[in-house]
Amino acid sequence: LGVQPVLDAAVELLPAPLDRPPSSAVRPDGSLETVAMDGKGPLAALVFKVQMWEGRRHVFTRVYQNRLRPGDTVAFLTADGRTMKEHVARIFDVDAGRKTKLDVAEPGQIVLLAGLRHATTGDTLCQPGHLLSLERIDTRDPVLSLAIEPAAKADEEKLLEALDKALQEDPTLRVEEDRETGQRLLRGMGELHLQIVLERLEREFGLKVRTGRPAVAVRETVRATALGDALYAPPPVPDQRIPERTARVVVRISPRDRGAGILVRNEPSVLPEGAVMTPEQAQAVEAGVRLALAAGPLQGATVQDVEVAVSQVELFGQASTTEALSAAASRAVHKAVEKAEPALLRPLMAVEVVVPESNLGAVLGDLQSRHAVIRDTRTEGETVTIDCEVALERLLGYTTDLRSQTQGRGQFSMQFDRFDLT
């Protein structure tokens, strides 16, 4: 069709912003409020993209309710629940690479705002004193990582600055440090995602970087039910000012359905008979359980889709401090996980492959060699669309393989579906 006819069809056939039905926003107390796209009512504007423009931070924003002017003070709730206030310095209308200053942003208008240092993708800009949250843009955790370092040691600071700007623009990108090797890891949603980031570092920031082989993120789980019993009683120290610390915890761990997450049942029987845990001690036990689940025994990955029931806690008077209880709970969980048949969960991707019908056999054979689960095939003219599930690690390098099998005419797209056993 071409771009121009599609844009003309959007103008002619799709509803104008002001013709859309009202949206729903959530107040801080959890109740809902209707947000109509008009000039009345308190301000509501959704930040949907951060972009570095000429080296300065700007945010793309859509105004839903009321109007926005340069100099206005806006308030918003961050993703972690903090309330922030900032001033809008300038407002621009954007046409391709050109910016035009505006005196006011009307309802339904998409504008570029300058001067907001902390607002990020998904935040709702509001009138101070009337906080609202429109539906946040859903982002997934990264599933692929690679080690990254500057080609020249002198570019270390420049690389950190460039990565910081990339992180602000892309909420699905992460930069972390490998706990074992100390390497800097760049984490994203797939090979193409990371490749685009690396190309931008070279093109926009003039940075040459060295990278390692992509590594697929994993999770851990258990396949059986097991008990863990741990007594925390470190050797006494000569210093009498340091009190003894002793506690015993028994836990039972069992698997849950895939995607069910972690469930902690902290309702133990308490020994000796008649003893009662304080709320602080109960919190310490649960904190110890969750700390242990943060790193599994196989690859140190997060343990998920498990149920942990704290079945018994033994107290030893003043020696059962919160630190002792937390440590005993962690050790009990570690023991239980190791006995409960731990297993790795790998990211499964929902994949759509579009190929010429003449290449269907070769492509299906290749997908089966990658242990793909074929869900559906659809023929549309001379092309066939294949819907399947494949483990991400088996898709590394698939772009090149698919092109060679289809003489460059095949293409595919993938989306993270879930972590599962493969």
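How much space lies in the second largest cavity? I got about 40 Å³. Before going on, I noted that this is a predicted model, where local features need pLDDT of at least 70 and side-chain atom pairs count only at pLDDT 80 or more, while totals for chains, interfaces and linings use all residues. Residues are numbered from 1 along each chain as its sequence is written, and side-chain values use heavy atoms, with hydrogens and water left out.

**Entry 1: cavities**

I wrote the terms down once. On a 1 Å grid over the protein atoms alone, a cavity is a set of points where a 1.4 Å probe fits but cannot get out; a pocket is an open set with protein on both sides within 12 Å along at least five of seven lines; lining residues have an atom within 4 Å of a point. Grid points are joined across faces, edges and corners, and a volume is the space filled by probe spheres set on the points.

I found two cavities of 30 Å³ or more. (Helices are DSSP runs of H or I, at least four residues; strands are runs of E, at least two; both are numbered from the N terminus.)

The largest cavity holds about 50 Å³. Its lining includes Ala-292, Pro-297, His-334 and Glu-338. Helix α5 (residues 322-339) gives the most here, with four residues. I sorted this lining into five nonpolar, two polar and one charged. For that, Ala, Val, Leu, Ile, Met, Phe, Trp, Tyr, Cys and Pro count as nonpolar, Asp, Glu, Lys and Arg as charged, and the others, Gly among them, as polar.

**Entry 2: α2 against α3**

Next I checked how α3 meets a neighbour. The axes of helix α2 (residues 156-169) and α3 come within 11 Å and cross at roughly 115°. (Axes are lines fitted to C-alpha atoms, for helices over the stretch in contact, and angles run from 0 to 180 degrees between N-to-C directions.) On the α3 side, Arg-200, Leu-201 and Phe-205 make the contact, and they meet α2 residues including Leu-159 and Leu-163. Contact here means heavy atoms within 4.5 Å. This contact has five nonpolar, no polar and four charged residues.

**Entry 3: the sheet**

Which order do the four strands take? I read β17-β18-β20-β19, an open sheet with mixed pairing. Two strands pair if DSSP finds at least two bridges between them. The edges are β17 (226-232) and β19 (262-271), each pairing on one side only. From one strand to the next the twist averages 20°.

Strands β18 (residues 247-255) and β20 (residues 306-315) run antiparallel, joined by nine bridges. Ile-253 sits opposite Val-308 in β20. Helix α4 (residues 279-293) lies across β18, β19 and β20, at about 135° to β19. α5 also packs on the sheet, touching β17, β18 and β20.

**Entry 4: pockets**

The largest pocket has about 830 Å³ of space. Of its 28 lining residues, Ser-145, Asp-178, Arg-179, Leu-185 and Gln-299 lie nearest the centre. I sorted that lining into 10 nonpolar, six polar and 12 charged.

The second largest pocket has about 580 Å³. β24 gives the most to its lining, with six residues. By class, I have nine nonpolar, 10 polar and three charged.
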